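Trainee: I have a chain to go through with you. Can we take it question by question?

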Amino acid sequence: MWRLASRPDVAVDVASAGLACCSLEVEAAGQRGLLVASETVPQAAAVTVLVVAGTVTTAVEPALVRLFDEHAQHGPVIIVSFGACATSGGPYWDAPTVRPGIEALFPGQEIASYVPGCPPRPEALVVELERLVDSRIPA
Ligand code: SF4
């Protein structure tokens, strides 16, 4: 779990569902200090941002849905699709075991943001998270 280094006053936890190469970009944001480990911030999270980063296969789908459900028990969850695979299946869109995007996994839930790229850069994630925090989360 991460929090935005640029918004330490905002209680938003970032849960990365790292599934493939895109998840390394989320980790890189942490390595660069753009995200900080949430354990270092004592304030409880008001909102969880679930960042789906990578290729979603039918094998990992149940675990991804379970992860969303676990967070949703504790409060609102904002879903971010990070990268081409999470958004459309990416280069594997026609593989029989690859989901062509994550909408169908979360019926009734809005995908708040689609970050383009294969992979997107860590900075793109941080900019998008800052935008969501500023537009969606009450101060
Ligand atoms: S979008 Fe590209 S970089 Fe990201 S998981 Fe898919 S293949 Fe890997």
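Predicted model: local features only at pLDDT ≥ 70, side-chain atom pairs only at ≥ 80, totals over all residues.

Trainee: How many residues does the largest nonpolar core have?
Mentor: Start with its contributors. Strands β1, β2, β4 and β5 each give two or more residues, and so do helices α1, α2, α3 and α4. Leu 50, Val 51, Val 52, Ala 53, Val 80 and Phe 82 have the most contacts inside this core. The core's count is 34 residues.

Trainee: Which residues does Val 52 touch, leaving out those up to four places away in sequence?
Mentor: Val 52 is among the residues with the most contacts inside the core. Its partners include Ala 17 and Leu 64.

Trainee: Is Ile 111 buried, exposed or partly exposed?
Mentor: Ile 111 lies in strand β6, residues 111–115. Its contacts beyond four places in sequence are Ile 79, Ser 81, Ile 102 and Glu 103. Buried needs 20 or more C-beta neighbours within 10 Å, and exposed needs 12 or fewer. Ile 111 has 17 inside 10 Å, so it counts as partly exposed.

Trainee: How many residues of the shell around the ligand are charged?
Mentor: The shell includes Cys 21, Cys 22, Cys 85 and Cys 118. Eight shell residues are nonpolar and four are polar. The charged count is none.

Trainee: Which residue does a cis peptide bond join to Cys 118?
Mentor: Both partners are in the ligand shell. Omega is about -5°.

Notes:
Residues numbered from 1 in each chain as written. Core = buried A, V, L, I, M, F, W, Y, C linked by C-beta atoms within 7 Å. Helix = DSSP H or I, 4+ residues; strand = E, 2+ residues; numbered from the N terminus. Contact = placed C-beta atoms within 7 Å. Near = placed C-beta within 6 Å. Nonpolar A, V, L, I, M, F, W, Y, C, P; charged D, E, K, R; others polar.
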